[in-house]
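The sequence and the structure come before the discussion.

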Amino acid sequence: MNNYEFKIRGEQLLLLPEKGIYWKKKDLIIISDLHLGKAGHFRKHGIPVSGRIHFTDLKILESLLKSYKPKQVILLGDLFHSIKNKEWDDFLRFIEIFDIVRFTLVRGNHDVFEEYPKELELVESLDMSPFNFTHQKEVSELYNISGHVHPGFRVRGMAREGLTLPCFYFSGDHAVMPAFGQFTGIKKIKPREGDKIFGIADDNVMELI
Amino acid sequence: MAKDVVQIANSWFKKKKWKPFPFQVNTWKAYLEGKSGLLNAPTGSGKTYALWIPCVLEFLRDNEPHEVRPEVQVLWITPLRALAKDIQNAMQNFCDDLDVRWNVGLRTGDTTTTERQKQKKSAPQALVITPESLHVLISQSDYPNYLKNIKSIIVDEWHELIGTKRGVATELAISRIKKLTEYKVKIWGISATIGNLPQAKRVLLGEDYYKKAVSIHSNVEKDISVESVLPEDIVDFPWAGHLGTKLLDKVVPIIEKSETTLLFTNTRSQTELWYQAVLKQAPDLAGVIAMHHGSMDQNIRGWVEDALHEGKLKCVVCTSSLDLGVDFRPVDTVIQIGGPKGVSRFQQRAGRSGHRPGEKSKIYFVPTHTLELIEGAALRDAVAAGKFEQRKPLEKCLDVLIQYLVTLAVSGGFRPLEILEEIKATYCYRLLTATEWNWALEFITTGGSTLGEYDEFAKVYNEDGIYKIINNRAAQRHKLSIGTIVGDPALSVKFISGGHLGTVEESFISRLNPGDTFWFAGQNLQFSRIKDMTVLVRKSKKKSGLTPQWGGGRLPLSSLLADQIRNKLELAKNGIFDDVELNAIKPILELQSKWSIIPDKRTLLIEKVETEMGNHLFFYPFQGMFVHEVLASLVAYRMSKLQKITFSISMNDYGFELLSDQEIAIEEALELDLFSEENLMEDINESINKTEMAQRKFRDVATIAGLIFQGYPGKNINAKHLQANSGILFRVFQTYDENNLLIRQSMDEVMTLQLEQSRLMEALRQINSQEIILKETAKPTPFAFPILVSVLRRENLSSEQITDRLIKMQLQLEQSLNET
């Protein structure tokens, strides 16, 4: 496992190959776009997708919580894919087990429940200087960090070789997180001059540009 | 008594001052004796009258003429909507002439809801229908009553359906109607000549019918002459490419001196490009030149077809959308742009001209690049020898089966054992195992697993032994998804001021920005915006713009034609250049000999060459693109076990290329027997897994089985949260549901290549009997060049870690940055 230490706005961020960020100073982990419940939603509509895929999601999150022992987890939106189904109960059990961790959900376009349990703090956006957290990219005086896009980047080699990798994207005034969930796709992004992109290859986070 | 009714047909012919062909009379008689069968007759031979007339005669024989009941008596299945209208007219006219009060209805995807309602209330006596619309009919709850009085099913253009999933859908529908009519229905097919007619008959009629059925041949032969359009100077002619507009100044005079020309291209984009190019070269053709392809609005297509009939057009640029069916009498010239890839297809197209008896059909072949000229000579030989490709039927398509079972569940439900018995009588599912059948049932009821991880699954319920769908929305969604043709999601193209032009694929439009212009249906259009699955455009005066790309449609070279091409190369190798085509490209072939060799039938040529891109290997098995795709990944996989390496794979119909940024140890690999049949299946499986081939097949399989909902232009159904691209689903199934038979089917479809099952094995056997010659060349040879520049379907296969590949690629990038 190779993390990547990246400094932005004076803050030291650890980019994790599990597709999360560990913010050491605040002792918190940020992940985005879990899309839990998507398998169940598909099943309800007659498309048989195994629910085990979301166990994998939770297992990876569990391993992060165990190795970094953060005080807080910021879920950067699209935690749950659809209206409630049984897979929501699995997540409730999960946050019950980790009750010493504070879970904060920054609401995404998929987060449509009328009520959320009190163990899960719900906000529309979150300011923690020097950062402003939202699900979709927003203009802010602070440095905006968002998800939503599920960014990926294509790298090409000389012998017509190509690889598309999920990535972290950092530009001058905002950043985009890769999607954490297993049942998600990738949207290729086109960086501009001066942007930074970190790709996830196997167990490593590597600087691509 | 039977004799009397045949008399009616004879006197109708007499009144028209025609004379029935013997094959027509034979078909009438066989039909009236209650037989089923296959009629082998080409388009334009009077095949419609051969089978439509006895349907009406049978009615006249068994009923009083005025006893017309609102019951469907005849189903006439046709593969193309465009043909349906003409057939309907011909059929209706015959009834009207005889004063039989039959109503011939039309049922395709274009039929309006009002018309459908009318057909439901009062059934027409004959229904011209596509396979898809027949399945939609079966998804309606009262279908058993609607279809149980059918006397016969006629499947037109069966050669187009056999070997496709639409053919399988036809087999299934027939199996159901047989049972509904208590096995009284007669089944007839009409097929152009293909290499496996007896098998075609068996597949259509089913295991329970085919042995007693008859075969009738029309023996209407057409004389076809093939002329290649040759470039003036072969040195200037491109070595690669597929547009062919380089020969425009030779093609236009052919159009000008002809009455009416059909100019066939291989793809819809090529049609758009050629239409523009011809008009630019000969502006005076404006108004008498039109285009025709499957993505254009059907009203516009209908207008073109009518104008063709009436002799108002001098030229129509078209795709296979004008391949089939009705004859356009004024057509006297046919031009084929680019290799048609198969002899049968070429003959069919050639047959579109010269309809008067005894008249020769002439077809001009226009090559798009140098080597394609060999195809021209090969085609002429095959035509002269009267050779036709086989169309191999598909077997055990679980995706089509699943769709069919859900269709039956929608329309009131089905009892599994009853349906199993029916489908076991079809050719496609005759070897279906109990395990496979049970898996399909499980898949639609519980999601395919008994482990309980599929809770909340809702699709088909087992209610007292009857499998049915309860949820209305699920039923509705299924009805909209019926069909086996999978394309990229299509968006309709409309003027902002109103007026529908046709459809383009989403992947094309997503590349455009508002204000960009593109060519479509012969017009330059400015893209404004997308609204509700509709692309809004306005007319543009610009002379430039992009041309839409449509997926699919690129066919691989048939093995028959590949064989002919090898014959021609063998002659060239021995210095014989008798054909004008080979003579024309003599300088290029001599260059090939000088830099490398021309392989004969006993030789497999491999060329090794280094360029700034890396190290290339070119293999030339001449087996067609599909075989090369599998063969290339097999070879790449086996070599990737010898060294840590990443390959980029490319192919065309003549050969394939492996490209790597490092030295490829080919000499060593050849010593270890690269083409060995040992562990073959395992290695092929592994190589398919390591590329995206199976994943690509899975897209179609998953869509047909109802796992991917495509959405429909104009039909606003919100399924956004249910959309996952097939790549994600494929990986999810691979990881979490390894016994999923749809994944298995996708793998099988790669291996059996959908079309010609045993071709891969034959190819390997051939290679193993050949002498392998490895040539190192200084530059890519004329054979290598078209593969090298091809951008089609590049595929990577690697035995390296992603991290290692990434580090390497970044080093390369830095190097190239430092060099500049």
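In which sense do strand β12 (residues 162-170) of chain A and β15(A) pair, and over how many bridges? In this predicted model, the two strands pair in the antiparallel sense, over four bridges.

**Strand pairing in chain A**

Strand β15 (residues 196-201) of chain A is mostly covered, since five of its six residues are buried. Four bridges also join β15(A) to strand β16 (residues 204-207) of chain A, with the strands running antiparallel. The hairpin of β15(A) and β16(A) has two residues between the strands, and Asp202(A) there takes a positive phi near 50°. Individual partners in these pairings are listed below.

| Residue | Partner | Strand of partner |
|---|---|---|
| Tyr169(A) | Ile197(A) | β15(A) |

**Helices in chain B**

Helix α16 (residues 398-410) of chain B has 13 residues, which at 1.5 Å a residue should span 18 Å, and its end C-alpha atoms are 18 Å apart, so the two values agree. Because 13 of the 13 residues of α16(B) are buried, the helix is largely enclosed by the rest of the structure. After α16(B) comes Gly412(B), whose phi is positive, near 95°.

Leu134(B) lies in helix α6 (residues 131-138) of chain B. This residue counts as buried because it has 24 C-beta neighbours inside 10 Å, where the cut-off is 20 or more. Leaving aside residues up to four places away in sequence, Leu134(B) touches Ile77(B), Ile129(B) and Ala173(B). Although Leu134(B) and Ala169(B) are 35 residues apart in sequence, their C-alpha atoms are 9.1 Å apart in space.

Definitions and conventions: Residues numbered from 1 in each chain as written. Chains lettered and ligands numbered in written order. Predicted model: local features only at pLDDT ≥ 70, side-chain atom pairs only at ≥ 80, totals over all residues. Expected span 1.5 Å × (residues − 1). Buried ≥ 20, exposed ≤ 12 C-beta atoms within 10 Å, placed from the backbone. Contact = placed C-beta atoms within 7 Å. Pairing = 2+ DSSP bridges.
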